[in-house]
Amino acid sequence: MKKRTDKERHGDTITTLLGEDARIEGHLDFGGTLRLDGKLEGTLSGQSGTLIVGDKAILNAEINVKNAVIMGTVTGTVNALEKIELYPPAKIDGDIAAPKITIEAGAVLNGKCLMAS
C-alpha cells in the first residue's frame, strides 16, 4: 500500500508554521492552515482552519477546529467541524469528535470517538 504524503493528506497550503522549538501556553486562535511541531498547553481554536500536528509535537489542549491532521501526541479533546485524520505515530489520550474520522493502523486513540454531523 502506498503511503500518502503530507500534501496528499490535506489539500491546504500551510499558512502558519510553529517549529519544534515553539512553546505556547494559553489560547491560540488561527485561520488558514497551521502546522504545529512544538509544544502547546491550553486551548487551540480554528473554526475555519486546518490544524496539522507534526509527529514530534506534544499538545495538552482542548482543540476546536474545522479539520485536524494529527501525527503527534495530544492529551485532551479534539473537536472538528468536518474531519479528523490520525496517522502514525499519533497518540491521543482523550475524546475526539467529527462527522468524518480516519484512523490509520499504528495510530493510537485512548478515548471515545463520536461521529456526528
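Ala-90 is buried, with a relative accessible area of 0% (buried means under 20% relative accessible area, exposed over 50%, partly exposed in between; 1.4 Å probe, protein chains only). The model is predicted: local features need pLDDT of at least 70, side-chain atom pairs count only at pLDDT 80 or more, and totals for chains, interfaces and linings use all residues. Residues are numbered from 1 along each chain as its sequence is written, and side-chain values use heavy atoms, with hydrogens and water left out.

Ala-90 sits in the loop between β7 (78-86) and β8 (91-93). Beyond its neighbours within four places in sequence, Ala-90 contacts Ile-70, Met-71, Gly-72, Gly-106, Ala-107 and Val-108 (contact means heavy atoms within 4.5 Å). The C-alpha atoms of Ala-90 and Gly-72 lie 4.6 Å apart, across 18 residues of sequence.

Arg-35 belongs to strand β3 (residues 33-36). Arg-35 is also buried, at a relative accessible area of 15%. Its side chain makes a polar contact of 3.1 Å with the side chain of Asp-37 (a pair of N or O atoms within 3.5 Å; within protein, one must be able to donate a hydrogen and the other to accept it, and residues adjacent in sequence count only if both atoms are side-chain atoms).

Of its 117 residues, 43% are buried. Among contacts with a separation of 6 or more, 6% join residues 24 or more positions apart.

Technical notes:
Helix = DSSP H or I, 4+ residues; strand = E, 2+ residues; numbered from the N terminus.
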